[in-house]
Every structure is written in C-alpha cells, then in structure tokens.
Amino acid sequence: MASTYKDILASLFSVASDNATLRLSCEVSNISSSGIQNVAVEAVDGFRGVFDDLVVTAPLGWLKRNENVFSPPLTSRISHAIRSLGYGNLDRVFIKFPEVFWHPKDSKMNGYHGSRPEKAQMPTFPVESLFLRPTYAVDTNPAQWRQEIISFSGLPAPFSQPVIMFFAYGQWGRHITGLVRGMSQDSQEYYQTLDDNFRPYYSKMPNYDPFSSSCKPLAFMSTDWQGDKFAGFGSFTNLPTASGDCLQHFEALREGMGESRGIWFAGEHTSPAGGLGTVHGAYWSGGEVAKKVAQRYNVTIDL
C-alpha cells in the first residue's frame, strides 16, 4: 500500500459512528461470561456493559500479560496458544529530508521527482538497504547491530516522500526506544539523539554532502510499541523454536470461545494464512469473525 491507512480508517469510522456507540480511552479491566448473549465488560473508569458477543482485538502481547482479565479463565487450549506463540519488539524510526538527495537530480521515475513517464525507470537507490555489520559507528553502535533502511522515495506518485525509515528491533530496538522514551518528539534533545544515532548510516547514502541543507533532516519520528502497555510492550507475532504446533495455536485463537461463551478474537495473531504480522492480516481476521458472529444469528454478510 503506497498511501496511508487514513481513508480506510475514515470509512470504518463512518460505519461505526452511524451504527454504534464508541467509547474511546476506555481501558477494559474485566471480561466475564456465563454463556452466549451474556458477556459483561468492565472498565477502569467504572463503565459496565453486557453484550451478546464480544470481539477482543487486543494484540498478542497484551493477551500474554492480561489473561487474568478473563473470568472464567480462558480455555487451556487458548491459554497454551497465547503463551506458546512469540511476540516481537520491532519499532520504526522515520527521517524526513527537504528533498531526495540520494537520487540523481536529473532522474525521472515513478516517484518523488515527477509524474510517471510512459516507461518509468527503477529507483537509482534501492527501496530496501541493509548495513549488515557497521563498523563506523563506534560511539553509538559498538556492538555493530545491523541496520535496515526503507526508502519512501520510490513509491508511486503522489505518495512518494523524501523519507527513509529504519527498522529498530532486537537489542538495537530496545536501545533506541529507551534512549528517547519520554522525550517530546518536538524537542531538540529528541532530534539530536536520533540524529547522532542514525547519521552514520544515512550519511552513507549516495550524494550525501554534510554541508548541504538538502541532506540535513527536517524531522524525526519514532514509534515506541515496546513502551506501550496497550500494544503489549512489543509488536508482531512470531514463531519461536520449540513452540509446538503453531498451526494448532493459530486455529485455537481463530476459534476463540464464540460458540460457547460469546468471546471471539481478532488481530494479526489470528489472521488467515499469509496475513501473520501484517495490517491486512488483522483486517482479514476481523472480517472472518464478523462472518462467524453473523452466521450464528442466521445472517449472511459479504465482506
């Protein structure tokens, strides 16, 4: 997807806002069920509601830390699946520049430098680049943690941007998110900290000139899912070694407890094959649960 999810979210919100009551900033503290059409939800702010069915879309990391929210406890099969599957710690750091200095000035391609010609050229700088064991950032990366860059300049117009994105994961991810956690993203301290840590890599890109304003970042933005309790202090489901039959784990989560207790699960950790760890996988999983809930009430929906 070259654009953002803005239009998709707006479409989903319009349907929900017209047909449902939305409660935002409402932290769920207890989910209890005594059977179908009797699922009670309690929140920290004192809210309590009873529903026919409940779809839990919390990330796997949140489920790992909050099984005690469910009463009675989750089935042993679902609990085993939650504990067996892995949960990652990938975050992202975005850097925006005044222009795409890493492409030749006269390059014409389907991206930042103009509209699509009849025969669009491939970007002169690859969309994805790896710094496998950088030895030239001794002060900020003495362990030589691998770096990975995604360039947004090669996206089709009008979505291309003078932006590069770094993946930050593993020990490097914990280090970077920890350095700027709590800082305002508008502060000079935040800017300088990230620039000090990522300049050794973006300065290796083609045409970089330390004296050119085109090569000086305009802004930094980073995620911190590792520091977000509602994200489960991490991101993206994975399959650890010795985790058992992962297909059975996914099937247990997809099945949920809908038929017996009216509680269903959705999210990338319950997605159909091919959607694990992706936004479209999470979207698919929601559609599949919606079909199951509707079918139980003899309603057919086409998603």
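This is a predicted model: local features need pLDDT of at least 70, side-chain atom pairs count only at pLDDT 80 or more; totals for chains, interfaces and linings use all residues.
Start with the helix pair. Two packed helices are described by the angle between their axes and the distance between the axes. Here, H4 covers residues 170–180 and H5 covers residues 188–202. Their axes sit 9 Å apart and cross at an angle of about 155 degrees. Angles over 145 degrees count as roughly antiparallel, and H4 and H5 are therefore roughly antiparallel to each other. On the H4 side, the contact is made by Trp172, His175, Ile176, Leu179 and Val180. Facing them from H5 are Tyr190, Thr193, Leu194, Asn197 and Phe198. Sorted by class, that contact has seven nonpolar and three polar residues, with no charged ones.

Next comes the surface. Tyr5, Ile8, Leu9, Leu12, Val279, Tyr283 and Trp284 together make a nonpolar patch of about 700 Å². Val279, one of the patch residues, lies in H8.

As for charged pairs, the model has 11 salt bridges. One of them links the side chains of Arg23 and Asp45, with an N to O distance of 3.0 Å. Arg23 lies in the loop between H1 and strand E1 (28–33), while Asp45 lies in the loop between strand E2 (39–43) and strand E3 (48–51), so this pair ties together parts that are 22 residues apart in sequence.

That leaves the backbone. Most residues other than glycine have a negative phi, and most peptide bonds are trans. Two spots in this model go the other way. The peptide bond joining Ser71 and Pro72 is cis, with omega at about -10 degrees. Pro72 belongs to the loop between strand E5 (70–71) and helix H3 (76–84). Then there is Asn207, which is not a glycine and yet has a positive phi of about 70 degrees. Asn207 is also a loop residue, found between H5 and strand E11 (219–222).

Key:
Residues are numbered from 1 along each chain as its sequence is written. Side-chain values use heavy atoms; hydrogens and water are left out. Axes are lines fitted to C-alpha atoms, for helices over the stretch in contact, and angles run from 0 to 180 degrees between N-to-C directions. Helices (H or I, at least four residues) and strands (E, at least two) are DSSP runs, numbered from the N terminus. Angles under 35 degrees count as roughly parallel, over 145 as roughly antiparallel, 65 to 115 as roughly perpendicular and the rest as oblique. Contact means heavy atoms within 4.5 Å. Ala, Val, Leu, Ile, Met, Phe, Trp, Tyr, Cys and Pro count as nonpolar, Asp, Glu, Lys and Arg as charged, and the others, Gly among them, as polar. Patches are made of residues with over 30% relative accessible area and no salt bridge: like charges are joined within 9 Å, nonpolar side chains (Val, Leu, Ile, Met, Phe, Trp, Tyr) within 5 Å. Accessible areas come from the Shrake-Rupley method with a 1.4 Å probe; for residues, only the protein chains shown count as cover. A salt bridge is a side-chain nitrogen of Lys or Arg within 4 Å of a carboxyl oxygen of Asp or Glu.
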